[in-house]
Amino acid sequence: MAANMKAVKLRIKSVQSTMQITKAMQLVAASKLRKAKEKANKSKPYLGTLLSTLRDIANSNRDFQSPYTRQGKSDKWLYVVIAGDRGLAGGYNSNLFKFMESETKGRDIEVLPIGKKSVEYFKHRNVPIFTEDFAEVAKVNISDCFSVAKILCDAYKEGRFGHIFLCYTDFISMMSQVPKASPILPLSDLKGEDGEAVRSGSLILYEPDSETVFNTVVPEYLAGVLYSSINISVASELAARRTAMEAATDNAEEMIETLSLYYNRARQASITQEITEIVAGAEEP
Amino acid sequence: MATYHLQVVSLDGVEYEGDVEKIMLRTVDGDVEILARHINYCTGIGMGTAHITLADGTETKAACIGGMLSVMDGEVRVLPTTWEWSDEIDVERAKAAKAKAEEALKDAKLTKESRVRAEAKLYRALVRIGSADKK
């Protein structure tokens, strides 16, 4: 009994120290989340307006001079996948990868992973990787987004890919984050994505001409989309981590409670046994 | 004067939303002024000062760099990469950036890439200084 008690005591201690860590992680995630959410919320209207503007243009565009509006000839799909740098964020990373799996089934894909977990996952799966230069999502800043956008544009113009998609985790609320894939190139992929009524017949004046406009606007648009998607993903990751760590802390508390109940019972039993033994010893002669 | 609905949305959020008389800004092709009932229009934004005349006639200005301008069915959207209202510009910082960029450009051995980058920095700093209220 005594050995068992010692084991239980050790177990309580170990659970306690784990709880301390999960509790700390929860608090850190919660405080970081506030900032990240603010940042994500700030860039959300930009993303929304940008997408609806470009959708309008794509819907009414009849001018397929620019390589960005034309359907690519290649059958290859490029996915930009934004995941986290670290684990312990509940289902944040695995949900995204599961979603990717179903999304890309039967397609000839290449990926541009952003986030260490994303790099690891696709390396493990032997999916061809476009570039690994942007492995750490925490270090990606706005100028990196512009360089990614430039790389994507160049690759698309060269005809290496027929479609470019962006895969990230949308922040719906503190409790729910949903993986999402949205088309980013060619612009004709944006057409009627939400089943909007297609505006027809409206002609657009491009100045100086559509090609120049698209050539300047598309890289900017890509960078903007990337930047805000990264912000949203980071907020999602922190929210997922916070929820996961909260659950872990609760579980640890519950475990400690059960274990200490067991420990106290065992202690009581051993005391009772000792008393019985002493009494039995005293009665003997 | 007739007004129209203008949206200015940058990466830092919605900068302006409301009715205006006109907006003038520098596109990749030079200065452009949009009045009400403009034809559907789309262009890239260059680097320069944007002047907005609000519905009540007051004028404001801002440093406006990069992005796109679109007019779709009377709705005008300005989507700049950076948008700083004239009263929010940190002139000291812009001046420091200008000096730094000028210093960098003096170096004759500069690679082409970093020269382009330094020139862009210098230009951005100049636009900021030019758009600021207090000089």
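Two strands count as paired if DSSP finds at least two bridges between them. Strands and helices are themselves DSSP runs, numbered from the N terminus: a helix is H or I over at least four residues, a strand is E over at least two.

This is a predicted model, in which local features need pLDDT of at least 70 and side-chain atom pairs count only at pLDDT 80 or more, while totals for chains, interfaces and linings use all residues. Residues are numbered from 1 along each chain as its sequence is written, and chains are lettered from A and ligands numbered from 1 in the order in which they are written.

**Exercise 1. Describe the overall build of chain A.**

Step 1. Take the elements of chain A: 5 helices and 5 strands. Read from the N terminus, their order is α-β-α-β-α-α-β-β-β-α.

Step 2. Compare the radius of gyration, taken over C-alpha atoms, with the globule rule, which is 2.2 Å times the number of residues to the power 0.38. For the 285 residues of chain A the rule gives 19 Å, but the radius of gyration is 28 Å, well over that value, so chain A is more spread out than a compact globule.

Step 3. Look at the box. Along the principal axes, the C-alpha atoms of chain A fill roughly 115 × 35 × 35 Å.

Step 4. Check burial and contacts. A residue is buried if 20 or more other C-beta atoms lie within 10 Å of its own, exposed if 12 or fewer, and partly exposed in between, with C-beta atoms placed from the backbone. By this count 37% of the 285 residues of chain A are buried. Two residues are in contact if their C-beta atoms, placed from the backbone, lie within 7 Å. Of the contacts in chain A between residues at least 6 apart in sequence, 80% join residues at least 24 apart.

**Exercise 2. Work out the sheet of chain A and the helices that lie across it.**

Step 1. Set down the strand order. The open sheet has 4 strands in the order β2-β1-β3-β4 (chain A), and its pairing is mixed. At the edges are β2 (109–114) and β4 (177–185) of chain A, each of which pairs on one side only. From one strand to the next the twist averages 25°.

Step 2. Sort the pairs by direction. β1 (residues 77–82) of chain A pairs with β2(A) in the parallel sense over 6 bridges; here W77(A) stands opposite I109(A). β3(A) and β4(A) run antiparallel and are joined by 8 bridges. In that pair, I164(A) has L185(A) as its bridge partner, and a hairpin of 5 residues connects the two strands.

Step 3. Angles run from 0 to 180 degrees between N-to-C directions, with axes fitted to C-alpha atoms, for helices over the stretch in contact. Helix α3 (residues 116–124) of chain A lies across β1 and β2 of chain A, at about 150° to β2(A). Helix α5 (residues 210–283) of chain A lies across β1, β2, β3 (163–171) and β4 of chain A, at about 35° to β3(A).

**Exercise 3. Is S182(A) buried, partly exposed or exposed?**

Step 1. Locate the residue: S182(A) is in strand β4 of chain A.

Step 2. Count its neighbours. S182(A) has 16 other C-beta atoms within 10 Å, so it is partly exposed.

Step 3. Find its contacts. Apart from neighbours within four places in sequence, S182(A) touches F165(A) and L166(A). C167(A) is 15 residues away from S182(A) in sequence and 6.5 Å away in space, C-alpha to C-alpha.
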